[in-house]
Amino acid sequence: MIATMKNVVKRYGDFMALDHLDLNIAEGEIFGLLGPNGAGKTTAIRSLCGLIPFDSGNITVFGKKQGIDNIDIKRQMGLVTQEITVFQDLSALENLRYFGQLYGLRGAELEANVKRVLEFIGLTDRAKSRPKKFSGGMQRRLNIGCALVHRPKLLIMDEPTVGIDPQSRNHILESVRTIAAEGTTVIYTTHYMEEVEAVCSRIAIMDSGRVIAEGTKDELVGQIAHEDSIRLTAVQASPALTEEINAISGVKHVDVNGNNYVITSATESGNVNRIMEIAMRHGGVANITTAKPTLEDVFLTLTGKNLRDDKRGAQ
């Protein structure tokens with residue numbers, strides 16, 4: 001394993017942000033780390049990077065014990081933060097040089113790496129421009145470039161596509177695949193399930209400071225293969241309708257967004273007809289479909305929340 005967290009505890013006063021957390025990251029994989037607001041993902045990342053101390057447990061990276069003073073480990077890691085952390089008054093070229101120097105690069109090696117990264121993030125023709133003149137997507141790409149300039153063995157990407165256009169998002173996802181193919185291990189967090197499905201080889205779902213499920217997409221979906229996802233658009237949503245659907249035998253969870261209901265029910269329960277009958281008594285049905293569970297359904301079943309709920313809160 002390139003990185004492990006074993007029985008890690010981190011408290012902030014009476015609040016336990018990490019509750020005996022176990023994580024194992026294999027070399028060469030793209031590891032998706034998912035969780036609702038407050039699950040502990042960002043605290044886990046900061047602990048793994050050696051940016052904050054933890055109270056108990058063990059963290060090893062590259063076979064060495066991690067701590068806030070371990071500079072050797074940090075030089076071999078890259079961190080793409082949620083926030084844009086480039087210098088707005090330096091050019092793209094100057095930003096890359098600055099971050100490369102922070103990681104100990106000098107001379108010809110520094111210049112070669114800067115040139116390579118500018119080409120990789122598609123900013124060669126804007127190398128002398130300042131980020132404050134860039135689009136949001138271009139700033140995100142430069143943010144990633146600054147974490148790549150020293151060729152890290154382990155790259156952590158904490159919501160790298162927040163607030164950007166679809167074209168820039170696709171460019172970043174393709175970049176993630178290329179980075180991994182070239183030998184860098186990637187830890188990827190996001191609030192977009194389609195991104196996880198597109199790039200991650202293995203996934204862990206966190207809640208309340210610990211991992212509650214882990215595996216490939218197929219393995220995770222297999223955990224609720226005995227369930228169906230029923231999607232109902234009611235003519236008129238109401239608390240009474242929600243309450244009656246919840247009361248149906250075999251219904252395990254009901255998620256409501258406006259007039260749209262996502263209902264998790266035991267497979268082959270015959271509940272589609274029961275749900276339709278109830279909805280007809282409460283104003284009618286605009287549309288109803290049933291499908292086998294998805295990764296989003298797994299997340300909803302295990303955490304009781306949608307992945308994008310309150311996504312900008314503290315973690």
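The largest pocket is lined by 16 residues. Leu51, Lys74, Met77, Leu79 and Tyr103 lie nearest its centre. A pocket here is an open set of points on a 1 Å grid over the protein atoms alone, with protein on both sides within 12 Å along at least five of seven lines; lining residues have an atom within 4 Å of a point. The structure is a predicted model, in which local features need pLDDT of at least 70 and side-chain atom pairs count only at pLDDT 80 or more, while totals for chains, interfaces and linings use all residues. Residues are numbered from 1 along each chain as its sequence is written, and side-chain values use heavy atoms, with hydrogens and water left out.

The largest pocket holds about 440 Å³ of space. This volume is the space filled by probe spheres set on the points, which are joined across faces, edges and corners. Helix H2 (71-74), strand S6 (77-80), helix H3 (92-102) and helix H5 (136-148) each supply at least two lining residues. Helices (H or I, at least four residues) and strands (E, at least two) are DSSP runs, numbered from the N terminus. The pocket lining divides into 10 nonpolar, four polar and two charged residues. Ala, Val, Leu, Ile, Met, Phe, Trp, Tyr, Cys and Pro count as nonpolar, Asp, Glu, Lys and Arg as charged, and the others, Gly among them, as polar.

One cavity of 30 Å³ or more is found in the whole structure. A cavity is a set of grid points where a 1.4 Å probe fits but cannot get out. The largest cavity has a volume of about 40 Å³. Its lining consists of Leu23, Ile25, Leu33, Ala44, Ile45, Leu48 and Ile187. Strand S2 and helix H1 (41-49) each give two or more of these residues. H1 provides the largest share, three residues. The lining has seven nonpolar residues, no polar and no charged.

Four strands form an open sheet in the order S2-S1-S4-S5, with antiparallel pairing. Strands S2 (15-25) and S5 (64-65) stand at the edges with a single partner strand each, so one side of each is left without a neighbour in the sheet. Two strands pair if DSSP finds at least two bridges between them. Two bridges join S4 (residues 56-61) to S5. Val61 stands opposite Lys64 in S5.

The whole structure contains 12 salt bridges (a side-chain nitrogen of Lys or Arg within 4 Å of a carboxyl oxygen of Asp or Glu). One of them joins Lys132 to Asp89, with the closest N and O atoms 3.0 Å apart. This pair links distant parts of the chain, 43 residues apart. Lys132 lies in the loop between helix H4 (107-120) and H5, and Asp89 in the loop between S6 and H3.
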